[in-house]
Amino acid sequence: GFKCGIVGLPNVGKSTLFNALTRTAAAQAANYPFCTIEPNTGEVAVPDPRMQAIANIAGSKELIPTRISFVDIAGLVRGASKGEGLGNQFLANIREVDAIVHVLRCFEDDDITHVEGRIDPVADAETVETELMLSDLESLERRVIQTRKRAGAKDKESLAVLPVMEQALALLQDGKPVRIMLKDIALDDLKILQGLNLLTSKPVLYVCNVAEAEASTGNEHTKAVADMATSQGARSVIISAAIEAEVAQLPDEEAKEFLDEMGLEEAGLDRLIRAGYELLDLITYFTAGPKETRAWTVEKGAKAPQAAGVIHTDFERGFIRAQTIAYNDYVTLGGEVGAKEAGKARDEGKEYVVQDGDVLLFKFNV
Ligand code: GDP
């Protein structure tokens with residue numbers, strides 16, 4: 001599955017947020033199971049209102065959402081890249097996630113110690129980022145030397161990889177995260193970059209943890225974070241971990257009332273999960289029938305057989321075609337029958353690139 005790693009300095013609210021996420025998931029009905037893979041990893045359902053709309057039309061008995069994992073990665077301190085504290089373990093844990101959720105303390109509270117003795121989320125972000133950049137720089141410098149040699153000897157793979165490596169190295173030497181390259185990168189280069197598995201090339205979502213009273217408005221700190229995120233091509237969300245921790249313990253009805261009182265339209269966790277999902281560059285397709293409506297996840301750009309493979313490897317191997325109905329056609333035309341009558345149920349083959357929201361029915365050989 002796809003994983004988002006929750007990082008940040010100590011005492012910024014990572015665990016509070018992680019516990020709220022997992023408690024919400026645990027409290028959900030049986031068809032939204034939460035499972036603990038490891039003590040610090042939780043799988044959560046991705047909220048998607050389209051699922052209910054499809055299920056209503058298809059008359060499905062059950063709704064099965066798609067899921068992503070969150071990992072609470074504690075242990076970052078200044079000097080982590082030099083092995084301080086749990087530095088090496090921390091960096092190894094980040095290497096294993098697909099995207100980073102970076103929690104920043106934007107709340108004032110004299111009772112909660114800040115490791116740097118002041119509230120400055122942009123500076124905090126830089127502290128964390130510096131450790132990640134130093135780690136990337138060290139590992140990349142070594143590899144570039146090797147790759148230059150092999151490229152000089154006309155090694156094909158090295159020749160292909162080297163320009164991407166050099167570009168990443170130049171950014172790091174300039175004190176910038178490799179993520180900046182993602183803004184406009186060709187698909188081939190993206191694959192190469194992902195293969196390098198650098199820490200600062202992973203997409204980042206900044207989470208501004210604010211006081212309860214500022215959850216709907218933000219504050220000057222969250223504005224500064226938003227500007228920083230924009231300059232990096234990243235995104236930020238405002239959340240009050242304290243509110244989320246409370247909401248996560250309430251039954252649905254009460255949770256809604258509580259959110260209304262706070263001037264919030266929906267739980268911050270739902271926003272966070274969706275933002276995490278978008279960060280991973282994933283899309284959702286659906287299968288629908290009387291038994292269940294189910295959401296499935298594929299990477300953007302996936303072709304129909306690959307999408308079938310998410311359900312079962314046999315579906316991919318024996319793929320013949322996929323009956324495809326765009327989400328909007330499905331709901332406006334009243335489902336499969338209506339879409340067929342309107343000529344909106346397409347038969348797509350092996351080369352079809354699945355679109356977000358597609359309702360698919362696979363035909364395959366066993
Ligand atoms: P971590 O070290 O980043 O995992 O931080 P924790 O989640 O353990 O939080 C550190 C402390 O800050 C705990 O005592 C939390 O109760 C408190 N805390 C977390 N979020 C908030 C918040 O939004 N407002 C306030 N006032 N305290 C918070």
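By class, the shell around the ligand holds seven nonpolar, seven polar and two charged residues. The classes are these: Ala, Val, Leu, Ile, Met, Phe, Trp, Tyr, Cys and Pro count as nonpolar, Asp, Glu, Lys and Arg as charged, and the others, Gly among them, as polar. The model is predicted: local features need pLDDT of at least 70, side-chain atom pairs count only at pLDDT 80 or more, and totals for chains, interfaces and linings use all residues. Residues are numbered from 1 along each chain as its sequence is written.

Staying with the ligand, 16 residues surround it, and the closest are Gly13, Lys14, Ser15, Thr16 and Ala241. A residue counts here if its C-beta atom, placed from the backbone, lies within 6 Å of the molecule. Two elements give two or more residues to this shell, α1 (14-27) and α8 (241-247). Of the elements, α1 gives the most, with three residues. Helices (H or I, at least four residues) and strands (E, at least two) are DSSP runs, numbered from the N terminus.

Next, the domains. The assignment gives domain 1 (3-279) and domain 2 (301-364); such bounds come from an automatic or database domain assignment. Taken over C-alpha atoms, the centres of domain 1 and domain 2 are 31 Å apart. Where they touch, five residues of domain 1 are in contact with seven residues of domain 2. The side of domain 1 that touches domain 2 has four nonpolar, no polar and one charged residues. Contact means that the C-beta atoms of two residues, placed from the backbone, lie within 7 Å.

Now the backbone. Most residues other than glycine have a negative phi. Asn11, not a glycine, has a positive phi near 65 degrees, and it lies in the loop between β1 (3-7) and α1. Asp281 is not a glycine either, and its phi is positive at about 60 degrees. Asp281 sits in the loop between α10 (268-279) and β8 (282-288).

The cut-offs are 20 or more other C-beta atoms within 10 Å for buried, 12 or fewer for exposed, and in between for partly exposed, with C-beta atoms placed from the backbone.

Last, Val204, which is in strand β6 (residues 204-209). Val204 counts as buried because it has 25 C-beta neighbours inside 10 Å. Leaving out residues up to four places away in sequence, Val204 touches Ile100, His102, Arg179 and Ala234.
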